[in-house]
Amino acid sequence: MELGTTLVAELLLLGAVVGFLAGLLGIGGGMMLVPFMTFLLAQRGVEAGLAVKMAIATSGATILFTSVSSLLAHWRHGQVRWPIVARLAPGILLGGIVAGGGALAVLQGQWLAGVFAVFNLVIALRMLRGTQPAAGRNLPGTAGLVGAGTGIGFVSGLLGAGGAFLSVPFMTWCGVPLRAAVGTSAALGFPIALSATLGYLVAGRSLTPVLPGAFGLLYLPGVAVVALTSVLLAPLGARTAQRWPVARLRRAFALLLMLLAAYMAWKALAG
C-alpha cells in the first residue's frame, strides 16, 4: 500500500483544522487528532486496537514540534514561569516515559479508547461551562510538584496530549494567574512530548510496520504532515480569535468533542 494523494490530503486537512482550532480556542489538538487519526488508520486496514495506540503515539509526537512555536509565542510575552517548569519537568519526564513505554504497551487499545472518550467528555463539559477553577491554595513544594508532574506526564502520555487540560487547571487552582499558567503549560508541552515519544519508541520497537511510513507505534507521515500544517495554521487561528465570537465557537467545538467522545466510546465497546 503506497502513501496515496488522498491520505496526504486528509492529513493536510486534519493538521490545518487542528492547528487553526488550537490557535483560535487555546486548546491542544490531541483531543481531536487522536479520534480522527484512529479513523484514518482503521480505514486503511490497521486493526482497531493498534490504530488507537498508533493514533495516540502519532499525536503525542507532533507535540514535539507544535509545542515549540507555542512556547516561543508565550515566552515573548513574558508569560512562562520557568521555576515552575523546572520543578514540574522531572516528574513529567518520568510519567511520560512510564505511560508511553509501559502502560500504552500493556493496556488494550479498546481500554485506551474508553479512557480517551471519558477525558474528551470532561473537557467538552468544561468548555461548555466556560469557567476556570478558582485559586484554592499556593503551589506545593518541590516534592509535591514532582508528584503532580508525574501524574500530568503519565495521563498526557497515555492520551497523546500536551497536558494543558491538566496543568492549566492545576496551576490556576494553586494561585498562578491564568495567562502565566497557559504560558507555563506551553513550555511543559515539549518535555511531555519528548518523554512520551521515547516511551512510544520503546513500546513499539518490536512491531512489524503495518503501513508504509510506520515506525513501531509512530506513523511518521502523520507526524510530519500534521505537525507542519498545524504549526502554520495556529497563528492564523490566534489572529482570528480577535475578531470571531469565540464563546459561541467554544460551544460548537465542545459539541464536536462530545461526538468524538461518542466515537471513541463506540470503538471501545466494539472491541
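**View 1. A salt bridge joins the side chains of Glu 10 and Arg 44 in this predicted model, with 2.9 Å from N to O.** A salt bridge is here a side-chain nitrogen of Lys or Arg within 4 Å of a carboxyl oxygen of Asp or Glu, and by this rule the count comes to one. Because Glu 10 belongs to helix 1 and Arg 44 to the loop between helix 2 and helix 3 (48-76), the pair ties together parts that are 34 residues apart in sequence. Helices (H or I, at least four residues) and strands (E, at least two) are DSSP runs, numbered from the N terminus. Residues are numbered from 1 along each chain as its sequence is written. In this predicted model, local features need pLDDT of at least 70, side-chain atom pairs count only at pLDDT 80 or more, and totals for chains, interfaces and linings use all residues, while side-chain values use heavy atoms, with hydrogens and water left out.

**View 2. The second largest pocket holds about 160 Å³ of space.** Its lining includes Glu 10, Leu 13, Leu 14, Val 17, Met 32, Phe 36, Phe 39, Leu 40 and Leu 256, and the elements that give two or more residues to this lining are helix 1 (5-25) and helix 2 (30-43). By class, the lining has eight nonpolar, no polar and one charged residues, where Ala, Val, Leu, Ile, Met, Phe, Trp, Tyr, Cys and Pro count as nonpolar, Asp, Glu, Lys and Arg as charged, and the others, Gly among them, as polar. On a 1 Å grid over the protein atoms alone, a cavity is a set of points where a 1.4 Å probe fits but cannot get out, and a pocket is an open set with protein on both sides within 12 Å along at least five of seven lines; lining residues have an atom within 4 Å of a point. Grid points are joined across faces, edges and corners, and a volume is the space filled by probe spheres set on the points.

**View 3. The second largest cavity has a volume of about 30 Å³.** Leu 50, Met 54, Leu 207, Thr 208, Pro 209, Val 210 and Gly 216 form its lining, which divides into five nonpolar, two polar and no charged residues.

**View 4. Helix 8 bends by about 30° at Leu 188.** Pro 191, a proline, follows within four residues; the bend is the angle between axes fitted to the seven residues ending there and the seven starting there.
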